[in-house]
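Hi everyone, thanks for making time this morning. Let me put the structure up, and then we can walk through it together.

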Amino acid sequence: MESRVVLFSYDPDMERVCAASMRSCYSAHPSYDLYSYSSEKAHELEGERPLDDQRVRSLLRKALELDHLDIFEHALLTFDLQHVSRACTHQLVRHRLASFSQQSQRYVRITRSRGYITPPSIGFDVKIPVQIRGANLEMTFEDMMDATTQMEEGLLGMGIKAEDARYVRPNAAATNIVTSMNPRQLMHVLALRCASDAQWEIRDLAWAMFACAKLVAPNIFETLPPAKTSLELQERIGKLDAAVKEAQPAFAASSKGELAEIPMSQVGLEHTVRAFVRKLR
């Protein structure tokens, strides 16, 4: 069972854009002038310093300290979440300020190759007694998933419309979903879904999304607010930082359009999630 998180679209200048937006609230100069101000244009903006890396980092940290979070709405990150369960996406779409486009169960027929997501707590050999029309049977989770697949295929074979045949498909059915959100909303999602009491699948995906965001915007996604009071969360973020640091050289050396993978095995997830970021320039 393997899921994939791919960050394939994002603003490469999101940190500079957000920093310029932050500074413009307290400056006599407009945001674009601040954004464009560099060391080559020194002294062009009275009372301002060029937005070098250190200045950007300082402004973003100040915004986070002051809860000046509106500035983090001026960028967008788009993730492709592959081979995740419908149970997981039902949770994800509750974050209504994000945007979603999900694989249709009406137009994409279920096949055994697409499969299902099996919770780690349910062993492959665990048999559950079930009674079907008076017959006592023992079925594993995989048996039940296979039965629903056969039922859907059978209904389709009888000419039942796909929109009705899909009613037998369970929450475990694998799907794909695209989600876009601004950094502020993503920080909110991560704060909730990276928590130890979050459901295991969406928690694993959230940590992979966190890793991707860290790689492209390390100052915005340096940490999460709940980590201030959680040693467990601090420790996990430390492991994530190590994984992102390991991926940085390959990402920097990759060509435009290539995917760089962040090694997630050291983060301690419940199931295999591979995290990728597409190089945009």
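How much space lies in the largest cavity? About 40 Å³. By cavity I mean a set of points on a 1 Å grid over the protein atoms alone where a 1.4 Å probe fits but cannot get out, and the volume is the space filled by probe spheres set on the points, joined across faces, edges and corners.

Two notes on the source. This is a predicted model, with local features needing pLDDT of at least 70 and side-chain atom pairs pLDDT 80 or more, while totals for chains, interfaces and linings use all residues. Residues are numbered from 1 along each chain, and side-chain values use heavy atoms, leaving out hydrogens and water.

Back to the cavity. Its lining, meaning residues with an atom within 4 Å of a point, consists of Leu81, Leu92, Val189, Arg193, Ile202, Leu205, Ala206 and Met209. Helix 7 (183-193) and helix 8 (200-216) each give two or more of these, and helix 8 gives the most, with four. Helices here are DSSP runs of H or I, at least four residues, and strands are runs of E, at least two.

Six strands form an open sheet in the order 3-6-2-1-8-7, with mixed pairing; a pair needs at least two DSSP bridges. Strand 3 (99-102) and strand 7 (259-262) each have a single partner strand, so one side of each lacks a neighbour in the sheet. Further in, strand 1 (residues 2-10) runs parallel to strand 8 (residues 272-278) over six bridges, and Ser3 has Val273 as its bridge partner.

Methods:
1 Å grid on protein atoms, 1.4 Å probe; cavity = no way out; pocket = protein on both sides within 12 Å on 5 of 7 lines; lining within 4 Å.
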